Amino acid sequence: MLLMVLPVYGAVGKEPGVVRDLAYGEALFHFHEGDYFTAITRLETARQQNLLRHHQDDARLLLGGLYLSYGLHEEAGDIFARLLDEHADAAVRNRARLYLAKIWYQRGYLDRAEAVLARMQDDGLTPAMDAERRLLSTYVRMSQGRYQEAVEILGEWRGGEGAGAYGRYNLGVSLVRSGEEAKGFALLDALGRMRAGDGEMRALRDKANLALGFTHLQRDEPEQARAYLERIQLEGLASGKALLGLGWAESSLGRYQEALAPWLLLSRRNTFDTSAQEARLAIPYALLQLNAEGQAITYYEQAIAAFQEEARQLQVLRQTFAREGVAENFLRDEEREGRRTPGGMGWYWRLDRLPPGVESRYLYELLARHEFQEVLKNYRDLKYLARNLDTWASSMGAYEDMLALRRDAYAARAPRIQASYESLDLDRVKARRDAYVARLAAIEARDDVAGLATADEQRMQQRLDEAGAILARYPHHGKLVPQRDKFRLLQGVLLWQESQDYKARLWQVRKHLRQLDEQIARAAAGRQSIAAAQQAAPRGFEGFDQRIAAHRLQITDLQARLDTALAAQEDYLKRLVLDELARRTARLDEYLAQARYGLARVYDQIATRREAARP
Amino acid sequence: MGLTMRRKTAEKKLVTWILLLVGMVVVMSAAAQEPGADSGPSDFRSLDEEVQSLKKDVLKLNRELFILEEELLFPTNTQVAVFLSLDSATFFTLDSVQVKIDDKVVSNYLYTRRELEALKRGGVHRVYFGNLRAGEHELVAFFTGKGPEGRDYRRGASLVFEKKTGQKYIELKIVDKESKQQPEFVIKEWD
C-alpha cells in the first residue's frame, strides 16, 4: 500500500523536511507508521477544522492516495480531478492523470482511462511512472481487444524489466487465447528465454515456458513442448506441471522409459499436488506400455490408497469449513501472531502466508486467485471497521455518563459560584479604588512625602507631633533647649527617610493599583462568564446529548450493515472454498475411478492371457 | 485397439484438463498484475460495492465521532497538545521521551522502530493531549536515547508558557547542531 500511495504523495516532489502544519505532520506520522485508517481520519478532521493552511496540496495528494488504496474511487477521483484543474506543475498533473487513469480503468471506463493517459506528458516522468503508464496503456488496449496496439506499446519499450515482463506475459497469453498465436508465441518465447535477475523473474520465465509447453502439447507437438518444458527450473513453482508435461511429451513420442523418469520424480512429491496425483496415474500407464504389469499393479494400488486417503481428508475438511466458516480460519493465524498492521485495513493487503494446518495445502491455488483474496480482504477490512464501531459504541455510553456527571456537578457548583460573585460588591470596591487614585494624585501634586509614610513612620510622626506640641507650650524654657534640638533632628531624620523612599513607594503604590485594576477586571469578567455559562451550559449539554444520541443511531445502523456484509462475505468465501474442495473431490473421484479401472484392466488382461494359455 | 483408443482419449482428457488448469493460472497471474481488474461475477461486484459504500460511511462517522470526542474531552478553552518531531537527528537516536507539566508526569512514551521511521520521514507525534487551566505553566521534557558515538544520552528542556483560553500547541523538536556535532532539543510554542 505504501508503494501505492507514496508515488502520489511524492508528486509534490519532496519528503517533507519542514512540517508547517502540526495536523499534517501528525497524519504523516500515522501514514508512515502504517496506520492508514487513523491517517485518513486525522487528515479529514484537519481539513474540516481548517488546520492545513500550508500543506493543502500535500494533504490532498496523500488523502487521494489513501482513498484510492481503500477503493474509494469516487472520492479519490474528485481529489485528482480538482488537482488537475488547479495545478500548473507538470509533475503533479502527470501524477494526478496517472492515478485518474487507474481509477477509470479499475471502474471499467476504458475510453476515459485511455484519454487521460494520452494527455500525460513525457516531461518530468520518472522511470517508475513511465513504466506504470505503459503498462496501464497496454492493459487498457488488451481489455478493448486492441492487441496489435498493445504489442506496439510494449514492443518499443525497453525499460522496466519487472513490470514490462508481466505486461508481455499477460499480452502473450491474451494473444494466444484470441487466436493470434504467432504473435503470442513470439512474446512468450522471448520471455521464456530472458535472463532473469531474481526469483520473481525466474518464476515468470517458467510460467511463459509452461504456457508454451502445454499449448504445444495440446496441439500434439510433443517435440516443441519438450523443448519449452525442459527450460523450467526443477525447484520452481511450475516444476510439478513441467515434470508432468515432460512425461506426456515423452510418452506421446512413444518413449515410455523416458516418460517414467519425470513422473516418478513427481510422484514422490506431495500427494495433494494435482500434478503428483496425475503422475501416480501416468506411471502405471507407462509401465503397462513397457509390459511391466506387476509393477503397474503395485503403482495402481498405491495410487488408489493415496487417492482414498486424500478423499477422506477432503471430506473432513469440507465438513470443518461448513461447520466453522472460512474467513476466521484464515485470519486466525494473523490475529494470533499479532501481524495486523496498526491501520488494520488496506486495499493492497494480501494473505501472504498460508495458515498452518491441513486445509491450506488444498487451497493454495484458490488463495492465489484475485477474487478470493479480494473477498477475504474485504472481510478483514469489515472486521476492523466493526471493531472500531464497537469501541465507539462503548465510548458513547461513557460519554453519556460523563455528560450526566458534568451536568450534575455544574448544577451543584453554579449557584455557589454565582452566590460568591454576587456577594462581592464590585461597585464599592471600585469606589474605594477611585478614592485611592485621587489621594495618590493629591500626594503626587504636592510631593507630599509623608502621605506615603509607613505605619512606623506615621507612629513616629505622631509621637514627634505630640512632643512638638509640648515644646510649643514652653517656647522660652531654657532647660528644654537640648530637647528642642533633638526634636528638630528627629523631625529632619524622619523627613529625610520619607523623602528617600518616596519614589520607590510611589512606584509600589502604582503597581498595587494596577494589580487592583486587574483583579477588578477579572472579577467583572468572571461574573460575565458565569452569566454566559449559565445560559450556554444547558445548551452545550443538550448539544452533546443530541450529537451522542444521533451518533448512537448511526453506529447501530452501521453495525447492522456490517454484520450483514460480513455474513455475505463469509458466505461467498465459504462457497468459493467448498466449491474448490468439491472440485478437488470430484477430480480425485475421477482419478480413483481411472486407477480402479486401470487395475481391473490389468487383472483382466492377465486373466485373459492365462485363460488363452490354458491347454 | 479399443483400449489404446480409450487410453489416448484419457490422455487427451488429462492434457486438456491440465491446459485448463494452466489457463486458470494464467488468468490468475494476469489478474494479479493488472491493477484492480476484477473480472468476477456480478454478485462479487455488488458485494464489493457494498463494502466500499460501508467503508465510506464508517470513515465519515469515524471523523464525526473523533471530533465529538475531542470537543467533549478536550474543550478548546482548556486543550493542550504536546507534539514531538525530529529534524535530521543524526547525532541522536531517540528511545523515549518523558513530559512533565507543573512537575507532574503527563506522558512517558517509548518509541518503536516503525514510529521512529515515521518521525524521520516528517511525521509529528502527539505525545500528550490534555487539559490545563488558563494561566502560567511549566513544561519539562526529558529525552532519552543514544547520542554521538552511540553513548547513552539523556537531556532535558523546559518552557514556561501561558495558557490562554484558546488551544495550546507545543512542539518538542530534536534538531542537529552541526557546529557542536550534538543534538539540540528545542521547545516551540505554536499559535
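Let's start where the chains meet: 63 residues from chain A and 59 residues from chain B make the contact. Two residues are in contact if their C-beta atoms, placed from the backbone, lie within 7 Å. On the chain A side, helix 23 (residues 481-613) gives the most, with 13 residues. Helices here are DSSP runs of H or I, at least four residues, and strands are runs of E, at least two, numbered from the N terminus. That side of chain A divides into 31 nonpolar, 17 polar and 15 charged residues. Nonpolar covers Ala, Val, Leu, Ile, Met, Phe, Trp, Tyr, Cys and Pro; charged is Asp, Glu, Lys and Arg; the others, Gly among them, are polar.

A word on the model. It is predicted: local features need pLDDT of at least 70, side-chain atom pairs count only at pLDDT 80 or more, and totals for chains, interfaces and linings use all residues. Residues are numbered from 1 along each chain as its sequence is written, and chains are lettered from A and ligands numbered from 1 in written order.

Next, a sheet in chain B. Four strands form an open sheet in the order 3-2-5-6, with antiparallel pairing. Strands pair if DSSP finds at least two bridges between them. Strand 3 (104-110) and strand 6 (152-163) of chain B stand at the edges, each with a single partner strand, so one side of each has no neighbour in the sheet.

Now look at one pair. Strand 2 (residues 93-101) of chain B runs antiparallel to strand 3 of chain B, joined by six bridges. Within that, B:Lys100 has B:Val105 of strand 3 as its bridge partner.
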